[in-house]
Amino acid sequence: MRTVGPIIGDELIRSSAILIIIGELFILGYLWIRFGFRFGTAAIIALLHDVLVALAALSIANREMSLPVLAALLTIVGFSINDTIVVFDRIRETRGRGLRKGETLADVINTAINQTLSRTILTSLTVFLVVSILFVAGGEVLRDFAFALLVGVVTGTYSSVFVAAPIIVDWENWSQSRQRGAKKAVVKAAAGR
């Protein structure tokens, strides 16, 4: 039986956090180049959400942090960003055609999500079923890994739709309200002269 002392455990946790942060910075850079800063930031917030939920579930279930669990967390990041990129790609494709009269960014995002939802659900369900089998029949060695992945697949699926996309809509609405406020201030200042 192998045991890991507290110093090695602390080092493992620190290394895990650093690896995840570095990975997310690279992902942010890639998404910034491909989709723009707002989309990249929204995706990173969704990824942080996924990892934090998985870590919270591990803590609540009293599961131990190990190298397989670290691998599961990094797999969650990859799985979730894949779903998010599929949605973002469809948003960009739909937005590239131009907004129709009366259509907002929220409408474009809603359309893109609806177009990719069946693919997202089918992919996630397939992975969830396989990981469930791993959790039940994989033995004690794989149980923590599979548990983290089960939580991550669920959170990664809903965060692509219900976390990343709404952040973009809210950011756009906030940006537009600031622009309207700035225009009103300019008009007021011009009228006051």
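This is a predicted model: local features need pLDDT of at least 70, side-chain atom pairs count only at pLDDT 80 or more; totals for chains, interfaces and linings use all residues.

Biologist: Where is N62 found?

Modeller: N62 sits in the loop between α2 and α3.

Biologist: OK, on to the inside. Which residues of the largest nonpolar core touch the most other members?

Modeller: That core has 44 residues, and the ones touching the most other members are I27, L31, I81, F88, I91, I109 and I168. Helices α1 (6-35), α2 (37-60), α3 (67-96), α4 and α5 each put in at least two residues.

Biologist: Where does the largest share of this core come from?

Modeller: From α5, with 13 residues.

Biologist: Switching to charges. How many salt bridges does a search of the whole structure find?

Modeller: Seven. One of them joins the side chains of E172 and R38, at 2.6 Å from N to O.

Biologist: What does the pair E172 and R38 tie together?

Modeller: Parts that are 134 residues apart in sequence, because E172 lies in helix α5 and R38 in helix α2.

Biologist: Is E172 buried or exposed?

Modeller: Buried, because its relative accessibility is 15% and the cut-off for buried is under 20%. R38 has 27% relative accessibility, so R38 counts as partly exposed.

Biologist: Fine. Which residue forms a salt bridge with D89?

Modeller: R92 does, and the closest N and O atoms are 2.8 Å apart. D89 and R92 are three residues apart in helix α3, so about one helical turn separates them.

Biologist: And how does D89 stand for accessibility, buried, exposed or partly exposed?

Modeller: D89 is partly exposed, with a relative accessible area of 26%. R92 counts as partly exposed too, at 38% relative accessibility.

Biologist: What about R143, what does its side chain meet in a salt bridge?

Modeller: The side chain of E140, at 3.2 Å from N to O. Both R143 and E140 lie in helix α5, three residues apart, which is about one turn of the helix.

Biologist: Is E140 buried or exposed?

Modeller: E140 counts as exposed, because its relative accessibility is 59%. R143 is partly exposed, with a relative accessible area of 21%.

Biologist: Which residues do salt bridges that share partners join into one network?

Modeller: R34, D89 and R92.

Biologist: Now the surface. Which residues gather in a patch of positive charge?

Modeller: R180, K183, K184 and K188. K184 has its place in helix α5 (residues 140-191).

Biologist: Why does K184 count as exposed?

Modeller: Because its relative accessible area is 62%, and exposed means over 50%.

Biologist: Last one. How many residues apart in sequence are L117 and V161?

Modeller: They are 44 residues apart in sequence, and 8.4 Å apart in space from C-alpha to C-alpha. L117 has its place in helix α4 (residues 105-137). L117 has 29% relative accessibility, so L117 counts as partly exposed.

Biologist: Great, thanks for going through it.

Notes
Residues are numbered from 1 along each chain as its sequence is written. Side-chain values use heavy atoms; hydrogens and water are left out. Patches are made of residues with over 30% relative accessible area and no salt bridge: like charges are joined within 9 Å, nonpolar side chains (Val, Leu, Ile, Met, Phe, Trp, Tyr) within 5 Å. Accessible areas come from the Shrake-Rupley method with a 1.4 Å probe; for residues, only the protein chains shown count as cover. A salt bridge is a side-chain nitrogen of Lys or Arg within 4 Å of a carboxyl oxygen of Asp or Glu. Lys and Arg count as positive and Asp and Glu as negative; His and the chain ends are not counted. The place of a charge is taken as NZ of Lys, CZ of Arg, CG of Asp or CD of Glu. Helices (H or I, at least four residues) and strands (E, at least two) are DSSP runs, numbered from the N terminus. Buried means under 20% relative accessible area, exposed over 50%, partly exposed in between (1.4 Å probe, protein chains only). A nonpolar core is a set of buried Ala, Val, Leu, Ile, Met, Phe, Trp, Tyr and Cys residues joined through side-chain atoms within 4.5 Å.
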